[in-house]
Amino acid sequence: PSALRTRPCDPTSAGNGDVYVMKSSVCDAENIPICMVSVDSTSTENIIIWEKPLATNIDSFIIFREITWNNFQPIGSVDYNDVSEFIDDNTQVDPNNKSYKYKIAVLDSCNNIGELSNLHETICLVALTDTNNNNPVLQWNDYQGFNFTTYRILLDSMGTNDWIEVGTTPADSNTYFDPSLP
């Protein structure tokens with residue numbers, strides 16, 4: 001805590017010593033990062049995941065989604081004692097049609113909201129067909145939130161949740177083409 005030393009304003013207490021005003025950090029809302037954003041196993045809802053800090057001054061975590069360009073609005077909260085993930089189950093959100101950007105903030109036990117974290121953006125994958133040769137082409141937007149070097153291309157050709165890696169592409173590429181894919 002920081003302290004400010006001052007003299008009493010009351011003239012009747014003059015000479016009775018100094019007064020210290022303390023700023024307590026017990027309720028200071030901290031900034032925490034999102035770990036990652038993803039899509040659930042049914043590809044119908046986005047999941048926001050963060051690492052919960054060990055703290056006694058956190059009431060909850062507030063999740064923000066970008067509503068219009070750079071306009072992040074709160075869409076829900078998660079109590080500190082709950083699992084540190086949020087499922088965006090808004091029926092207007094469709095991860096199959098577009099990507100979404102999220103941020104998180106801490107609500108401390110004194111009702112202060114901390115700074116918004118850096119954003120994380122989901123990936124929206126689109127499977128297209130090359131009209132020249134009828135081969136599949138995968139395209140997606142950049143994931144934003146942390147640095148990485150490679151996208152892994154996984155395939156579940158039978159719909160049994162048995163994914164196998166069929167290729168990789170550098171992180172600066174947003175297209176994958178493999179004529180052997182079904």
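**Cores and ring pairs**

The charged end of K103 sits over the ring of F72, 4.6 Å from its centre; the rule asks for NZ of Lys or CZ of Arg within 6 Å of the ring centre and within 35 degrees of the ring normal. K52 has its charged end over the ring of Y80, 5.1 Å from the centre.

This is a predicted model, in which local features need pLDDT of at least 70 and side-chain atom pairs count only at pLDDT 80 or more, while totals for chains, interfaces and linings use all residues. Residues are numbered from 1 along each chain as its sequence is written, and side-chain values use heavy atoms, without hydrogens and water.

The largest nonpolar core has 24 residues, of which I48, W50, F61, I63, Y102 and I104 touch the most other members. Such a core is a set of buried Ala, Val, Leu, Ile, Met, Phe, Trp, Tyr and Cys residues joined through side-chain atoms within 4.5 Å, where buried means under 20% relative accessible area (1.4 Å probe, protein chains only). Another core, of 5 residues, lies apart from it and includes I62, F72, A105 and L107.

Aromatic pairs number 6; the rings are those of Phe, Tyr and Trp (its six-membered ring), with centres within 6.5 Å, and planes under 30 degrees apart are stacked, over 60 edge-to-face and the rest tilted. W50 and F61 form a tilted pair, 5.3 Å centre to centre with 50 degrees between the planes. W50 is buried at 2% relative accessibility, and F61 is buried at 1%. W140 and Y151 form an edge-to-face pair, at 5.2 Å and 70 degrees. Ring pairs link W140, Y143, F146, F148 and Y151 into a cluster.

Technical notes. Buried means under 20% relative accessible area, exposed over 50%, partly exposed in between (1.4 Å probe, protein chains only).
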